[in-house]
Amino acid sequence: MVDTPLFRGKILASRTADDIIVQKYGINGKHMEIEMNIRAIIGEIDPNNGELAKTPERVAKSYDEFFSGYNADISQIASTFYDSKMDDLVILKNISFESHCEHHLVPIVGVAHVGYVPNRKIIGASKLARIVDCFAHRLQLQERMTIEIGETLETILNARGVGVYIEAEHFCISHRGVKKQGAKLVTRYFSGALKDNLRQEFLATISEK
Ligand SMILES: [Zn+2]
């Protein structure tokens with residue numbers, strides 16, 4: 001079982017300003033704050049376009065979805081485990097995800113593959129996908145997200161090894177700056193048995209069609 005305060009603490013530490021707004025005005029206050037700021041941005045870009053009146057509200061609602069990971073509680077997502085004699089690799093591959101780059105606030109779109117070697121304990125496969133989303137739905141660096149997913153799986157499963165492989169297109173690379181469409185960033189995390197003898201098997205399995 002995950003220690004909730006540990007995960008909540010990590011999240012809250014970086015959210016002090018948000019929390020003050022939420023405490024003061026409630027969750028709608030945070031919405032209002034986002035809408036107000038988006039209105040200011042639109043004012044700089046296209047100040048005379050009356051068609052955009054409802055855009056700040058739409059953006060604020062979209063942000064609820066894009067950044068829902070800050071409110072996610074890992075101990076709620078991963079609350080049920082099952083006993084198992086399974087002692088070989090368990091892999092959920094091709095988990096599509098969308099995230100947002102914390103440097104440019106533009107999309108990161110990619111695929112994650114996660115695997116582990118159980119230590120008498122397994123978790124529902126859909127929970128693996130939900131854990132990926134929990135970290136993807138935040139402002140992210142792909143490198144950090146990869147480690148966060150790996151360490152979380154290790155903690156909740158006490159697994160004999162964990163592997164995470166993520167490849168993703170970053171819109172800040174494909175749609176601005178160097179504009180390299182199709183370039184993908186690959187990040188990997190291996191621990192325990194996956195760091196040693198099972199790494200190649202994990203990589204072979206995720207590359208099979
Ligand atoms: Zn970026």
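Visitor: Why is β6 called largely enclosed by the rest of the structure?

Guide: This is a predicted model. A residue is buried if 20 or more other C-beta atoms lie within 10 Å of its own. Eight of the ten residues of β6 are buried, so the strand counts as largely enclosed.

Visitor: How do you know that β3 and β6 pair?

Guide: Pairing needs at least two bridges between two strands. Strand β3 (residues 107-117) and strand β6 (residues 161-170) have ten bridges, in the antiparallel sense. Isoleucine 108 has histidine 170 of β6 as its bridge partner. Valine 114 is bridged to valine 164 of β6.

Visitor: What makes β6 and β7 a pair?

Guide: Again, at least two bridges are required. β6 and β7 share eight, so they pair under that cut-off. Their sense is antiparallel. Glycine 163 stands opposite phenylalanine 190 in β7.

Visitor: Why are β5 and β7 called edge strands?

Guide: Look at the whole sheet. It is open, with five strands in the order β5-β2-β3-β6-β7 and mixed pairing. β5 (139-140) and β7 (185-192) each pair on one side only, and that makes them the edge strands.

Visitor: Which strands does helix α7 lie across?

Guide: Helix α7 (residues 142-157) lies across β2 (90-101), β3, β5, β6 and β7. Its angle to β7 is about 25 degrees.

Visitor: What about helix α9: which strands does that helix lie across?

Guide: Helix α9 (residues 199-207) lies across β2, β3, β6 and β7. Helix α9 runs at about 75 degrees to β2.

Definitions and conventions. Residues numbered from 1 in each chain as written. Predicted model: local features only at pLDDT ≥ 70, side-chain atom pairs only at ≥ 80, totals over all residues. Helix = DSSP H or I, 4+ residues; strand = E, 2+ residues; numbered from the N terminus. Contact = placed C-beta atoms within 7 Å. Axes fitted to C-alpha atoms, helices over the stretch in contact; angles between N-to-C directions. Buried ≥ 20, exposed ≤ 12 C-beta atoms within 10 Å, placed from the backbone.
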